[in-house]
Amino acid sequence: MSIQTFKKLLVTGGAGFIGSNFIHFVLATRPVSVINLDCLSYSGNLENLSAIEADERYRFVHGDINDRQLLEDLLKECDAVVHFAAESHVDRSIIDARPFVKSNVMGTQTLLDALRSSGQDKRLVHVSTDEVYGSLPLDKPELKFHEESPIKPNSPYAASKAASDLLVQSYHETFGLDALITRCSNNFGAYQFPEKVIPLFVTNLLEGKKVPLYGDGKNVRDWLHVLDHCEAILTVLEKGQSGEVYNIGGNNERSNLELTQAILQIMGQGPEMIEYVADRLGHDRRYAIDAEKIKRELGWEPTRSSWPEALEETVQWYVDNQDWWRHVKSGAYRDYYQLQYGQRLTTH
Ligand code: NAD
Ligand code: TDX
């Protein structure tokens, strides 16, 4: 297996949850430079990156992945792209799918065209999701998603990610683009926007509010620590086979009720804090990842995702970093860009 090294990465969506963790991780573990291209949608937060702002290997560019000229200019400096930029929340896609098509589908297509016109030598890792495979039944625990499973997305979010995956594959086949796709399960860890279940529940409890559990709470997710995910993405970038898809999972399946009870226990709270609310429309019952391929071919497996330790550590991060999530919940995080970069945020 050959190992590729890179001098400068273009990271799209690096002000979001996984992208910012990835930038911290890659700067700490590799001698590379990073350009972070992010439009600072509601989930983009430069406070996630305040600790490395002065690092000369890091540069933030405020812009949209739908801006082809900007992409072409940035690609001249870079030898690989790690593509996180997307609308990422299922509930928002049920309310309004349009931004999902714009960023996830059209944005990815614009990036692919920019890569095409900048030569065939730049590697792309497209960060996708297990949600493109649809849903598994609860009564067949032996079933898991593998890389050849049919693409059967259910939510508008998942459909937009599936469309982007298919575009990436088509550009690899048609134009020979050096592109790889990763599909991971639910991430947890620091800097996750408090609309997603773990930070929403932890911060609600810290504010003395109840936690809204959808439906019967029996839906199952496979929880992957965000730093395990970052390490897996880097492994795929450096060692992956062009044109391949790699599943990434935490071997850590939990029902939402189990997750909620674990959070309540860690935080010393009782079951009266659970509020059962109406189910999400089209709510996928179970996701489960078979991540044997990346283990067998590239030697990666999760080392940070096991519970209860990893969940306790994540809960503690939100307990210790109340300024961070209180700025998000109050909207004050939107002022950071103006303070640091002297310009007002006009988008989203
Ligand atoms: P996030 O919502 O926290 O971050 C997304 C980032 O992308 C934000 O900083 C946002 O400003 C930026 N962005 C959105 N549209 C853009 C555009 N048009 N141009 C430039 N920047 C744009 O999301 P996340 O949870 O960090 O997810 C990152 C990626 O990982 C997404 O592609 C998502 O589909 C995928 N993913 C996430 C999870 C998870 O559990 N969070 C699991 C599987 C896959
Ligand atoms: O308030 C809530 N109550 C609740 O019961 C919320 C926000 C969620 N839930 C349930 C729905 C899901 O079964 O918790 C589970 C997890 O929900 P989310 O945190 O919204 O994640 P999910 O919909 O599973 O999608 C996540 O993982 C796959 C990411 O948001 C996606 O970007 C990723 O692709």
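Helices and strands here are DSSP runs, numbered from the N terminus. The model is a predicted one, and its secondary structure comes to twelve helices and twelve strands. With a radius of gyration of 19 Å, against the 20 Å that the globule rule gives for 348 residues, the protein is as compact as a globular protein of that length. The C-alpha trace spans about 60 × 50 × 35 Å along its principal axes.

A look at the whole chain comes before the single residues. Of the 348 residues, 55% count as buried. The accessible surface comes to about 14,700 Å², and carbon and sulfur atoms account for 49% of that area.

The aromatic rings are worth a stop. There are 14 aromatic pairs by the ring-centre rule. One of them brings together phenylalanine 188 and tryptophan 307, edge-to-face, with 5.9 Å from centre to centre and 85° between the planes. Elsewhere in the list of rings, Tyr191, Trp317, Tyr318 and Trp324 form one aromatic cluster.

Tryptophan 307 turns up again in the backbone, where a cis peptide bond joins it to proline 308, with omega at about 5°. Proline 308, too, is found in the loop between H9 and H10. Most peptide bonds are trans, and most residues other than glycine have a negative phi. Leucine 40 is not a glycine, yet it has a positive phi of about 55°. Asparagine 251, not a glycine either, has a positive phi of about 50°. Leucine 40 lies in the loop between S2 and S3, whereas asparagine 251 lies in the loop between strand S10 (245–248) and strand S11 (253–255). Their surroundings can be told apart by accessibility. Leucine 40 has a relative accessibility of 2%, so it counts as buried, the cut-off being under 20%. Asparagine 251, at 59%, counts as exposed, because exposed means over 50%.

The loop between strand S2 (33–38) and strand S3 (58–62) also holds leucine 49. Leucine 49 counts as buried, at 1% relative accessibility. What does leucine 49 contact, leaving aside its neighbours within four places in sequence? The partners are Gly14, Ala15, Ser20, Ile23, His24, Asn36 and Tyr58. Glycine 176, by comparison, is 34 Å away from leucine 49 in space, C-alpha to C-alpha, and 127 residues away in sequence.

Not counting residues up to four places away in sequence, threonine 260 touches Phe201, Val211, Leu213 and Ile274.

Technical notes:
Residues numbered from 1 in each chain as written. Chains lettered and ligands numbered in written order. Predicted model: local features only at pLDDT ≥ 70, side-chain atom pairs only at ≥ 80, totals over all residues. Heavy atoms only, no water. Helix = DSSP H or I, 4+ residues; strand = E, 2+ residues; numbered from the N terminus. Rg over C-alpha atoms; globule rule 2.2 N^0.38 Å. Buried < 20%, exposed > 50% of the residue type's maximum accessible area, 1.4 Å probe, protein only. Areas by Shrake-Rupley, 256 points an atom, 1.4 Å probe, with all protein chains shown as cover. Phe/Tyr/Trp six-rings, centres within 6.5 Å; stacked < 30°, edge-to-face > 60°. Contact = heavy atoms within 4.5 Å.
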